[in-house]
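These are my notebook entries on one structure.

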Amino acid sequence: MSKQRTAVVIGVGAVNGLGAAVAQRAAREGLHVTVAGRTASRLAAVVESIERAGGSAEAVVTDVTREDAVQALFDQVTARGTPELAVYNAGNNTPGRLTEMEADYFEAAWRTGCFGGFLFGREAARRMLPGGGTLIFTGASASLRGRAGFGAFNAAKGGLRLLAQALAKECGPDGLHVAHVVVDGGIDGETLRKRFPSFAEEAGERLIDLNGLADAYWFLHQQPARAWSFELDLRSKSEPW
Ligand SMILES: NC(=O)c1ccc[n+]([C@@H]2O[C@H](COP(=O)([O-])OP(=O)(O)OC[C@H]3O[C@@H](n4cnc5c(N)ncnc54)[C@H](OP(=O)(O)O)[C@@H]3O)[C@@H](O)[C@H]2O)c1
């Protein structure tokens, strides 16, 4: 029996968010997409947006910091077909000064931003090899430099980036294209608009376009095995960097 072409995106929340945009892009290319996150109602809205556009998707409620949940997610995904594209998108900003930070807060930021990436990446590699495919991790400006007031996020994202790089070197020769996307600036989506409305309003055109980001993820997936990027950085034209 020929299996369906599939993708899995974890860290899907708002319809107007990066996880959803990447899932919508893959669905437009004909892949059945499993969208995973912690909130059933938000996932249902993303599935509906994909189906409305003529695509195929399903939702799985998952917490990526739980090993058993990540394994169960991949059991469900691979029952349909080994994914050719897997995207780790969980891990939003966790601001706060290190000197005033509770240990639990730091650990929670690391669990979602980094440890979950290990669980997801390891499971994806185990399921996608020896066939191959593309595994993409979402980074941020925080992946490349530490900043006062953002230490927990920096530690998580910096760790995730090097995890991705190690995995790329470990699994690349066997055919798994592992890549990391540095989203260098605010995204024009629901996260910023809800959490920091006045910043989003003021930033205006400086915010990064969701469709442009989703195109970049798809571009990475399309790269031939003799011309792979490990990393792409994306920012709007007016972002100071
Ligand atoms: N927004 C920005 O301006 C910006 C800028 C630079 C980089 N980024 C990066 O982009 C990614 C997020 O994109 P986005 O901001 O547009 O948000 P998004 O794709 O709309 O949502 C990401 C979703 O991940 C889910 N999630 C969080 N923890 C999870 C967990 N433990 N297990 C499973 N799912 C989990 C959350 O939904 P639930 O709470 O419903 O689970 C969250 O809404 C992050 O990696 C972030 O660091 C964002």
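Which element supplies the largest share of the shell around the ligand? I found that α6 does, with three residues. Helices (H or I, at least four residues) and strands (E, at least two) are DSSP runs, numbered from the N terminus.

The model is predicted: local features need pLDDT of at least 70, side-chain atom pairs count only at pLDDT 80 or more, and totals for chains, interfaces and linings use all residues. Residues are numbered from 1 along each chain as its sequence is written.

Ligand shell. I listed 31 residues around the ligand, with G13, G17, G19, R38 and T39 the closest. A residue is near a molecule or strand if its C-beta atom, placed from the backbone, lies within 6 Å of it. At least two shell residues each come from α1 (18-28), α4 (103-128), β5 (133-140) and α6 (190-195).

Sheet. I read the order of the seven strands in the open sheet as β3-β2-β1-β4-β5-β6-β7, with parallel pairing. Two strands pair if DSSP finds at least two bridges between them. Because β3 (56-61) and β7 (231-234) stand at the edges with a single partner strand each, one side of each is left without a neighbour in the sheet. I then checked β4 (residues 83-88), which four bridges join to β5. The bridge partner of V87 is I136 in β5.

Helix α4. I noted 26 residues and a reach of 35 Å from first C-alpha to last, close to the 38 Å expected. The expected span of a helix is 1.5 Å times one less than its number of residues.
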